[in-house]
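Thanks, everyone, for making the time this morning. I would like to walk you through one structure, so please keep the display in view while I talk.

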Amino acid sequence: MIHVYLDDFRKCPTGFVLAKDAAECKLLIDMEEIDILSLDFDLGWNQPTGYEVVRHLIATGKFPRTIYLHTSSMFGREQMYEALKESIPADVELFGRAMPQQVIDDINKKSN
């Protein structure tokens, strides 16, 4: 089981697999079992956004155990959160914010 961090700009936390664009992230969703998925919205000029990944999650029904929305885009966060809230299974945790530092620290300890 892996943790995935979707972002084209920010540094990927230790213990996570970086997906720099929506296509990479969707491939990881299709090929791997994901524990934590942290999503950015804006992924570069004229590129598919994190919302495209959310649509893929919903279409495939392949949800991670936990989803964080670390985007700084208020519009993007709301759009992704609302779509996910309507579609995720009851056992999936959804947070409309970035991961707490404690979560990152715990994963970092486990990966060392």
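Predicted model: local features only at pLDDT ≥ 70, side-chain atom pairs only at ≥ 80, totals over all residues.

Is T71 buried or exposed? Its relative accessibility is 1%, and because the cut-off for buried is under 20%, T71 counts as buried. A polar atom of the T71 side chain lies 3.1 Å from the backbone nitrogen of S73. If we set aside residues up to four places away in sequence, T71 touches R10, L39, D40, F41, D42, G76, R77 and M80.

As for the geometry of the helix, the 14 residues of α3, 74-87, should span 20 Å at 1.5 Å a residue, and the end C-alpha atoms are 20 Å apart, which agrees.

From L84 we can move on to the packing. Not counting residues up to four places away in sequence, L84 touches V54, L57, F63, I67, L69 and L94. In the largest nonpolar core, which has 25 residues, L84 is among those that touch the most other members, together with V4, C25, L37, L39 and I67. The elements giving two or more residues to this core are β1, α1, β3, α2, β4 and α3, and the largest share, four residues, comes from α1. There is also a second, separate core of eight residues, which includes Y5, I36, Y68 and I107.

Now to the aromatic residues, where a search of the whole structure finds three pairs. In one of them, the rings of F41 and F75 have their centres 6.0 Å apart and their planes at 85°, so the pair is edge-to-face. Since F41 lies in the loop between β3 and α2 while F75 is in helix α3, this pair ties together parts that are 34 residues apart in sequence. F41 counts as buried at 6% relative accessibility, whereas F75 is exposed, with a relative accessible area of 56%. Another pair, Y68 and F95, is stacked, at 4.8 Å centre to centre and with 15° between the planes. Y68 belongs to strand β4 and F95 to strand β5, so here the parts tied together are 27 residues apart in sequence. Y68 counts as buried at 6% relative accessibility, and F95 is partly exposed at 22%.

Finally, where does G15 lie? G15 is in the loop between β1 and β2, and it is partly exposed, with a relative accessible area of 32%. Leaving aside neighbours within four places in sequence, G15 is in contact with H3, I107 and S111.

Methods. Residues numbered from 1 in each chain as written. Heavy atoms only, no water. Expected span 1.5 Å × (residues − 1). Core = buried A, V, L, I, M, F, W, Y, C linked by side-chain atoms within 4.5 Å. Buried < 20%, exposed > 50% of the residue type's maximum accessible area, 1.4 Å probe, protein only. Contact = heavy atoms within 4.5 Å. Polar contact = N/O pair within 3.5 Å; in protein donor to acceptor, adjacent residues only side chain to side chain. Phe/Tyr/Trp six-rings, centres within 6.5 Å; stacked < 30°, edge-to-face > 60°.
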